[in-house]
Amino acid sequence: MISATTSSSVGSEFDKFLFTPIGEDRNGLPLTVVSLLARMNLDPWQEAGTLAALPAEAAASRLASSLDTLTDPSLRQANPETAVLRLLALLPRQAAVMQTPAASIDTVAGRALKTHLGTIVFIISAIILLGAQILVAHRYTPPQPGTVAAPAVTIKPDQPHP
């Protein structure tokens, strides 16, 4: 199991977002974004990275649906749109782009192309083999029982035709 200190050092650029208080629950305990995401069985740093990489509208929608899971009436925001925008402003928007070097993107794209190319070659080979099997089966079909094969007529060149 990964400890919280290991996770926080990996995604420390998200700490401002994750440790922002959302409100207090009915017991008077503060609820932060990290505790909300943990209650939802999500990895908070991974979810923060996903939100930072998403377009603004998609991130707002995803975060709003997370806030909608709050059942405690004292945590429900009077204006959830404002809360979502306030929280999203704390995310480093370019974090996902800056952490992914262009070389690794090319590598992933190259692997995907090789995988698709291999799949296409496999499918084409299977179609060719299946076609060959069908042709062979039709060409060398034995006569069906109960049918009479027509006798072969041979004409010799030195005999006149009737």
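Thr 20 is placed in the loop that links α2 (15–18) to β1 (21–24), where helices (H or I, at least four residues) and strands (E, at least two) are DSSP runs numbered from the N terminus. The structure is a predicted model, in which local features need pLDDT of at least 70 and side-chain atom pairs count only at pLDDT 80 or more, while totals for chains, interfaces and linings use all residues. Residues are numbered from 1 along each chain as its sequence is written, and side-chain values use heavy atoms, with hydrogens and water left out.

With a relative accessibility of 10%, Thr 20 counts as buried, a term that denotes under 20% relative accessible area, as against exposed at over 50% and partly exposed in between (1.4 Å probe, protein chains only). The side chain of Thr 20 reaches the backbone oxygen of Lys 16 at 2.5 Å. When residues up to four places away in sequence are not counted, Thr 20 touches Leu 31, Thr 32, Val 33, Arg 86, Leu 87 and Leu 90, contact being defined as heavy atoms within 4.5 Å.

Helix α5 has twelve residues and spans 16 Å from its first C-alpha to its last, close to the 16 Å expected at 1.5 Å a residue, the expected span being 1.5 Å times one less than the number of residues. Ala 59, Ala 60, Leu 63, Ser 66 and Leu 67 are the buried residues in α5. Because they cover an arc of only 125° around the axis, they lie on the same side of α5, the arc being that of the directions from the helix axis to the C-beta atoms. The cover over these buried residues includes α2, β1, α3 (33–39), α4 and α6 (80–88).

Between helix α4 (residues 44–53) and helix α5 (residues 56–67), the axes come within 7 Å and cross at roughly 145°; axes are lines fitted to C-alpha atoms, for helices over the stretch in contact, with angles running from 0 to 180 degrees between N-to-C directions. Glu 47, Thr 50 and Leu 51 of α4 meet Ala 59, Arg 62 and Leu 63 of α5.

In the loop between α5 and α6, Asp 72 is buried, with a relative accessible area of 8%. Asp 72 and Arg 26 are 46 residues apart in sequence, yet 7.0 Å apart in space, C-alpha to C-alpha.

Conventions:
A polar contact is a pair of N or O atoms within 3.5 Å; within protein, one must be able to donate a hydrogen and the other to accept it, and residues adjacent in sequence count only if both atoms are side-chain atoms.
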